Amino acid sequence: MNNAITTIDTHAHICDASFDADRGAVLQAAADKGVVAVVAVGEDLLDAERNVSLSKMYPQVRAAAGLYPTHLDLDQAVAVREFIRNQREQLWAIGEVGLDFWKVKGEAGRERQRDIFAAFIDLSLILDLPLNVHSRSAGRHAIDMLLQRGAKKVQLHAFDAKASTAKAAVDAGYFFSIPPSVVRSRQKQKLVKQLPISCLLLESDSPVLGPDPQKRNEPVNTLAAANAIAAIKAMSVEAVLDATLENTCRLYGEIL
């Protein structure tokens, strides 16, 4: 698709306080290596507001707004949905949203998660915005909900279940974004090996899920994920970058 190295980090918490001292330098370092856009996801209303502000300060940033699934406050969920409606033209995605059964163990909390997630799925259809989905220890449940409610544009980020669980989502045209932690995660390596390149995206999940868990992760490490995918699938890195960029544009439209 491109002769130059060009890629997009489809899931990063660039609004995180760990970047406050050097955010511009971090984004520039990524741009210098070909990471030309960063989808900035958020965990709450404050993150959403910051992401929109950052998108006006830095040309690489593409703002998203969501509510991390461990936030179970219905009023906060309503406020984030209202923000998304009001800021529709500034946003590229709803995220991150979803389910987290690793942290939320009780059935009452999980049912609250489902209710909040369902409302975000419905909003994505109304506003025609992609969903950037968190599904830790809840991959099958998240996919079932997405399919049942007719979700169309879906990115499952850092998916932690088996490829067999992902099959229904692949068949539905959903995408799976691979973080740099694939270099040290056998589960992610198996997932990449078994999923088709046509459904893979690249992400950093900065400031976490980097190649080295002891160091702050940055968007430039999206390229580490590309290198790992290339090795696992016996493809050239350029072919991986081309395919994942094409996939990203299929999901997000004219994001560049």
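Are F159 and F176 buried or exposed? Both residues are buried (under 20% relative accessible area, with exposed meaning over 50% and partly exposed in between; 1.4 Å probe, protein chains only). The model is predicted: local features need pLDDT of at least 70, side-chain atom pairs count only at pLDDT 80 or more, and totals for chains, interfaces and linings use all residues. Residues are numbered from 1 along each chain as its sequence is written, and side-chain values use heavy atoms, with hydrogens and water left out.

F159 and F176 form it edge-to-face, at 5.1 Å centre to centre and 80° between the planes. F159 lies in the loop between strand 6 (154-157) and helix 6 (163-171), and F176 in strand 7 (residues 175-178), so the pair ties together parts 17 residues apart in sequence. Helices (H or I, at least four residues) and strands (E, at least two) are DSSP runs, numbered from the N terminus.

Two arginines sit over phenylalanine rings. The criterion is NZ of Lys or CZ of Arg within 6 Å of the ring centre and within 35 degrees of the ring normal. The charged end of R81 is 5.9 Å from the ring centre of F120. R110 lies over the face of F101, at 4.2 Å from the ring centre.

The whole structure holds 11 salt bridges (a side-chain nitrogen of Lys or Arg within 4 Å of a carboxyl oxygen of Asp or Glu). R149 bridges to D122, with the closest N and O atoms 2.8 Å apart. This pair links distant parts of the chain: R149 is in the loop between helix 5 (139-148) and strand 6, D122 in helix 4 (residues 107-127), 27 residues apart. R149 is partly exposed at 37% relative accessible area. D122 is partly exposed at 29%.

R114 and E107 also meet in a salt bridge (2.8 Å, N to O). R114 counts as buried because its relative accessibility is 19%. E107, at 47%, is partly exposed. A further bridge joins K167 and D171 (2.8 Å, N to O). Both lie in helix 6, four residues apart, about one turn of the helix. Both K167 and D171 are exposed. Elsewhere, salt bridges that share partners join D20, R23 and R50 into one network.

Key: Phe/Tyr/Trp six-rings, centres within 6.5 Å; stacked < 30°, edge-to-face > 60°.
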